[in-house]
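The following note sets out numbered remarks for a colleague examining this model. Please read each point alongside the coordinates.

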Amino acid sequence: MNVDWINGATQKELDQFKSVCNQLLSRTYLVKTLCRADKVRVNNPDYLFLSSHYAEVREYLALLDWDLRKDDFNGYFYVVNTDEANRCQLDKDQTAILLAIRMIYDENQERLGLEHDAICTVRDLLEKVVTDYAILSARPNMKDVKRALTLLDNHCVIQRIEGKYSQGSCKFAILPTVLSVVSSEKLDAVVSVLRKEEDSEEAEEDIAD
């Protein structure tokens, strides 16, 4: 750890250092820009701080078995536990929603340009999950949808812009961090598995009837 920097840092710098580390450990990602309710994008001061003090933060987190990484092109930092601990476990509906969010991002990527974020509503997302992508055979209830989207928001995969996640009209931004959450290599394979599970469950129900 760079003791010289610590000793020479101001109290404001130390406070921001702690804030940045806590955000990474609790939310996994730290993004370059944030989207306000009026859709205007603003620079994230914590991202700028981390860009300037990447070496110090990376060295500190390494002591806690966390590897700090960055994606300069898409504009975010993230951490990976070197012991492969502290993994977030998703249930079936949460996984399906995450995959649909990743696919929506892919659909919008060509027109995103430097914006990087894709804007979506909960209603559009559920339509994609059930109809367009056919990942699930029926819509999850809104309580489960809210739980899934809140979890993804807490981990900086999406950012709520307007409304509540329990409402179909709720608008949110899909952040570029979704690219590292679900790699393109795993996307098709996981979707295929979920679709097979849905088909199997429907077949079992038909037999039971």
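1. Of the contacts in the protein chain with a separation of 6 or more, 61% join residues 24 or more positions apart; contact here means heavy atoms within 4.5 Å. This is a predicted model, in which local features need pLDDT of at least 70 and side-chain atom pairs count only at pLDDT 80 or more, whereas totals for chains, interfaces and linings use all residues. Residues are numbered from 1 along each chain as its sequence is written, and side-chain values use heavy atoms, with hydrogens and water left out.

2. The protein chain contains 9 helices and 8 strands. These elements are DSSP runs numbered from the N terminus, helices being H or I with at least four residues and strands E with at least two. Of the 209 residues, 41% are buried; buried means under 20% relative accessible area, exposed over 50%, and partly exposed in between, with a 1.4 Å probe and protein chains only. The accessible surface of the chain is about 11600 Å², and carbon and sulfur atoms hold 48% of that area. Such areas come from the Shrake-Rupley method with a 1.4 Å probe, and for residues only the protein chains shown count as cover.

3. The largest pocket holds about 1000 Å³ of space. On a 1 Å grid over the protein atoms alone, a pocket is an open set of points with protein on both sides within 12 Å along at least five of seven lines, whereas a cavity is a set where a 1.4 Å probe fits but cannot get out; lining residues have an atom within 4 Å of a point. Grid points are joined across faces, edges and corners, and the volume is the space filled by probe spheres set on the points.

4. Which residues lie nearest the centre of the largest pocket? They are Tyr29, Arg87, Cys88, Ser180 and Val181, out of a lining of 31 residues. The lining divides into 18 nonpolar, 9 polar and 4 charged residues; Ala, Val, Leu, Ile, Met, Phe, Trp, Tyr, Cys and Pro count as nonpolar, Asp, Glu, Lys and Arg as charged, and the others, Gly among them, as polar. Strand S5 (76-81) is among the elements that each supply at least two lining residues, as are helices H2 (11-27) and H9 (184-208). The largest share, 4 residues, comes from S5.

5. Leucine 24, in helix H2, has a relative accessibility of 1% and therefore counts as buried. Leucine 24 and leucine 61 are 37 residues apart in sequence, with their C-alpha atoms 9.4 Å apart.

6. Rings of Phe, Tyr and Trp (its six-membered ring) pair if their centres lie within 6.5 Å, and planes under 30 degrees apart count as stacked, over 60 as edge-to-face and the rest as tilted. The rings of tyrosine 47 and phenylalanine 77 are a tilted pair, because their centres are 4.9 Å apart and their planes meet at 45°. Since tyrosine 47 belongs to helix H3 (residues 45-52) and phenylalanine 77 to strand S5, the pair ties together parts 30 residues apart in sequence. Both tyrosine 47 and phenylalanine 77 are buried.

7. The pair of tyrosine 165 and phenylalanine 172 is edge-to-face, because the planes stand at 65°, with ring centres 6.2 Å apart. Tyrosine 165 is buried at 6% relative accessibility, and phenylalanine 172 is buried at 0%. Threonine 121, in strand S6 (residues 118-121), touches Phe172 as well as Gly168, Ser169, Cys170 and Lys171, leaving aside residues up to four places away. A relative accessible area of 15% makes threonine 121 buried. Elsewhere, Trp5, Phe17 and Tyr60 form one aromatic cluster.

8. Most residues other than glycine have a negative phi. Aspartate 65, in the loop between helix H4 (54-63) and S4, has a positive phi near 70° and is partly exposed at 35%. Cysteine 156, in the loop between H7 and strand S7 (158-162), has a positive phi near 60° and is buried at 7%.
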